Amino acid sequence: MSDQVEIHRIMSGPYHMNTYVLACPRTREALVIDPGDKADVLGRFLKSHGLSPIRLLLTHGHADQFFVTEDFKALWDIPYCIHRSDADFFSDPGVRAATFKAVGLPPPYPADIALAHGDRIGFGDQSLSVIHTPGHTPGSACFLCCDMLFTGDTLFVGDVGRTDLPGGDLDGLIASIRDRILPLPEKTRILPGHHHPESTKESTLAREMRENIYITDFILDP
């Protein structure tokens, strides 16, 4: 819980996927980032906390992020949103076939709402902003809310997302971290899309600048 936004983290599945629920304390309107858990489990969680989701936000277009999106949308009639670069990239038939071959799971469905860098998404009295961070995929995005940055697979605690899948670009990922994340205040909380149960759940930008080799070696001391 921050002073302004109620935040819940739900870890699920073999990939130790983090789903985040951000809620306005007054109105109970909520955003769901990367709905990775079973749709009925996630739905029961929201109802038990008296929350009304208004958007599904995907940090990028890989299957673990969106796998239950359609089932969840059957329970809650709300749009799912992804950055337009991933919406366009994963609509290409060749990319869809290559992605399925690489990961054994389907690429995302067509987006209801295509996001752009700098977009603001409101929920109740609160809002978050979209930060385009290509590299893990062409349309990878982070979501900044108050002092919290939800980084998906762009930046992990002490690591970064893989870049060997279709659309991945290590140089692009490093540039995204350098140009879009490092300018943020060092106190910014880093909330990644995955973490192992025995590892640290979140970090700060200051800590990553000290300890993450992709920042210390590739950016701060190239």
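Trainee: About how many helical turns separate tyrosine 214 and phenylalanine 218 in helix H8?
Mentor: Helices (H or I, at least four residues) and strands (E, at least two) are DSSP runs, numbered from the N terminus. In H8, which covers residues 213–220, tyrosine 214 and phenylalanine 218 are four residues apart, so about one helical turn lies between them. Keep in mind that this is a predicted model, where local features need pLDDT of at least 70, side-chain atom pairs count only at pLDDT 80 or more, and totals for chains, interfaces and linings use all residues. Residues are numbered from 1 along each chain as its sequence is written, and side-chain values use heavy atoms, leaving out hydrogens and water.

Trainee: How many aromatic pairs are there?
Mentor: Rings of Phe, Tyr and Trp (its six-membered ring) pair if their centres lie within 6.5 Å; planes under 30 degrees apart are stacked, over 60 edge-to-face, and the rest tilted. That rule gives four pairs here. One of them, phenylalanine 89 with phenylalanine 90, is edge-to-face, with 5.0 Å between centres and 80° between planes. As for tyrosine 214 and phenylalanine 218, their planes are at 20° and their centres 5.4 Å apart, so they're stacked.

Trainee: Is phenylalanine 90 buried or exposed?
Mentor: Buried means under 20% relative accessible area, exposed over 50%, partly exposed in between (1.4 Å probe, protein chains only). Phenylalanine 90 has 1%, so it's buried, while phenylalanine 89, at 21%, is partly exposed.

Trainee: And why is strand E1 largely enclosed by the rest of the structure?
Mentor: Because five of the seven residues in E1 (residues 6–12) are buried.
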